[in-house]
Structure formats: C-alpha cells, structure tokens
Amino acid sequence: MTARTGLRDIEARHPALRGEKSAMQTIRIKTGSSGPPDGTQAEPPVPRRDLSPLLAGAATAVAVCGALLVFTGSASPLRGPLTLFFLLAAPAAAIAAALRGLDPFGRTVAAVAGAIVMNMLVAQGMLAVHRWSVRGGVAAVTVISALVFLLVLLRRRRDRT
C-alpha cells in the first residue's frame, strides 16, 4: 500500500482507493434478532394491519348506494352526496387503475382530475344533444368507467402472455 503525496494517513488507507466499499456503505440495519439490552424478553411484534382494503370496500359500498338511489328514484336526502361521490369515485378508480406506473400522489391527482373531466364531457355531450337527465348521466359515467376498467384488465392479461 503506497501513500499518495498530499494525502493524510487516514485518506491513504481509505478502502475506496482500492475500489472497495467504505465502512459507512456497508452498515446494515439489524432486525430484531437480539433482545433488549437488559436481557428481558421483548414482546413479539404486532402485525401491522393495512386499512386500504377496508376503506376501498367502504368507498365502493357508498358509491354503489349512490348509484342505486339515483336509479331507483329515491327521495332520500343522501341521494345527492352519495351520487356525487359515485360520479367522482367510479371514473377516478378506473383512471387510477390505468395509471398504475405513477407514484401514489401523482396517480391520485391525475385520477381525480380525469374524473372531473370525464363528468364534464358527459354532461356537455348530453346537453349538446338535448338529452340531459341525472339517470342518463350516471348511466353514461358508469358505462365509460366500466369500459376503462375492462380495457385495463385486457391490457394486463395481454401483457402476462
């Protein structure tokens, strides 16, 4: 091992000069294989439960209730908010499924923006042909969202083979 001129002793012995990793690059975080320092038994780790499937199921139930309230013609005071939730959630979920490669925040923003655009285009199209109705609008958004979901599923199936 030859020391380069102008290098201090510690710099001359640095592993990076030989193409190796330094000690700081090889430090690993140790998992709980050892107990606490006082020698007592540690409690077993509690499995972390993910709430996203539960929240997705609840959101789906709320959205379906909103669509059912529109199609049955119910006079419930929940009809408006639940229908609005359906009109935002159904296309947003379909668009989010299509944008699988984005990071979660970007996918959420793009999906909500796409849902708003889809609702505006459906409403504008129905107004242009003088066929506006709430039931028709919900039906059109449902059909378009279902088609986007089906296209995503077909693309994923094709990519697997």
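**Figure 1. Thr-83 on helix α3.** Thr-83 lies in helix α3 of this predicted model. The residue is buried, with a relative accessible area of 7%. Residues up to four places away in sequence aside, Thr-83 touches Gly-66, Val-70 and Val-138. Val-70 and Val-138 also belong to the largest nonpolar core.

**Figure 2. Helix α3 and its cover.** The helix has 20 residues. From first C-alpha to last, α3 reaches 29 Å, close to the 28 Å expected at 1.5 Å a residue. Its buried residues are Leu-82, Thr-83, Phe-86, Leu-87, Ala-90, Pro-91, Ala-92, Ala-94, Ile-95 and Ala-97. The cover over these buried residues includes α2, α4 and α5.

**Figure 3. The largest nonpolar core.** Ten residues make up this core. They are Ala-63, Ala-67, Val-70, Phe-86, Leu-87, Ala-90, Val-122, Met-126, Val-138 and Val-141. Helices α2 (52–72), α3 (79–98), α4 and α5 each give two or more residues to the core. A second, separate core has five residues, among them Ala-92, Ile-95, Ala-111 and Ala-115.

**Figure 4. Contacts of Phe-86.** Phe-86 is one of the buried residues of α3. Neighbours within four places in sequence are left aside here. Phe-86 is then in contact with Ala-63, Ala-67, Pro-91, Val-138 and Thr-142.

**Figure 5. Helix α4, end to end.** α4 has 25 residues. The helix reaches 36 Å from its first C-alpha to its last, close to the 36 Å expected at 1.5 Å a residue. Buried along α4 are Ala-111, Gly-114, Ala-115, Met-118, Asn-119, Val-122 and Met-126. These buried residues pack against α3 and α5.

**Figure 6. Asn-119, a buried residue of α4.** Asn-119 is placed in helix α4. Its relative accessibility is 17%, so the residue counts as buried; the cut-off is under 20%. Leaving out residues up to four places away in sequence, Asn-119 touches Leu-87, Leu-88, Pro-91 and Val-141.

Figure 7. The largest share, three residues, comes from α4. Ile-116 lies in α4. At 42% relative accessibility, Ile-116 counts as partly exposed.

**Figure 8. Ala-56 and Ala-93.** Ala-56 is found in helix α2. This alanine is partly exposed, with a relative accessible area of 41%. Ala-56 and Ala-93 are 37 residues apart in sequence. In space they are 9.9 Å apart, C-alpha to C-alpha.

Figure 9. His-130 sits in the loop between α4 (104–128) and α5 (134–160). Just after α4, His-130 takes a positive phi of about 60°. The positive value occurs in a residue other than glycine. His-130 is exposed, with a relative accessible area of 72%.

**Figure 10. The whole chain.** The chain has five helices and zero strands. From the N terminus on, its elements run α-α-α-α-α. Of its 161 residues, 18% count as buried. Among contacts between residues at least 6 apart in sequence, 46% join residues at least 24 apart. The accessible surface comes to about 12,600 Å². Carbon and sulfur atoms account for 66% of that surface.

Terms used
Residues are numbered from 1 along each chain as its sequence is written. This is a predicted model: local features need pLDDT of at least 70, side-chain atom pairs count only at pLDDT 80 or more; totals for chains, interfaces and linings use all residues. Side-chain values use heavy atoms; hydrogens and water are left out. Helices (H or I, at least four residues) and strands (E, at least two) are DSSP runs, numbered from the N terminus. Buried means under 20% relative accessible area, exposed over 50%, partly exposed in between (1.4 Å probe, protein chains only). A nonpolar core is a set of buried Ala, Val, Leu, Ile, Met, Phe, Trp, Tyr and Cys residues joined through side-chain atoms within 4.5 Å. Contact means heavy atoms within 4.5 Å. Accessible areas come from the Shrake-Rupley method with a 1.4 Å probe; for residues, only the protein chains shown count as cover. The expected span of a helix is 1.5 Å times one less than its number of residues.
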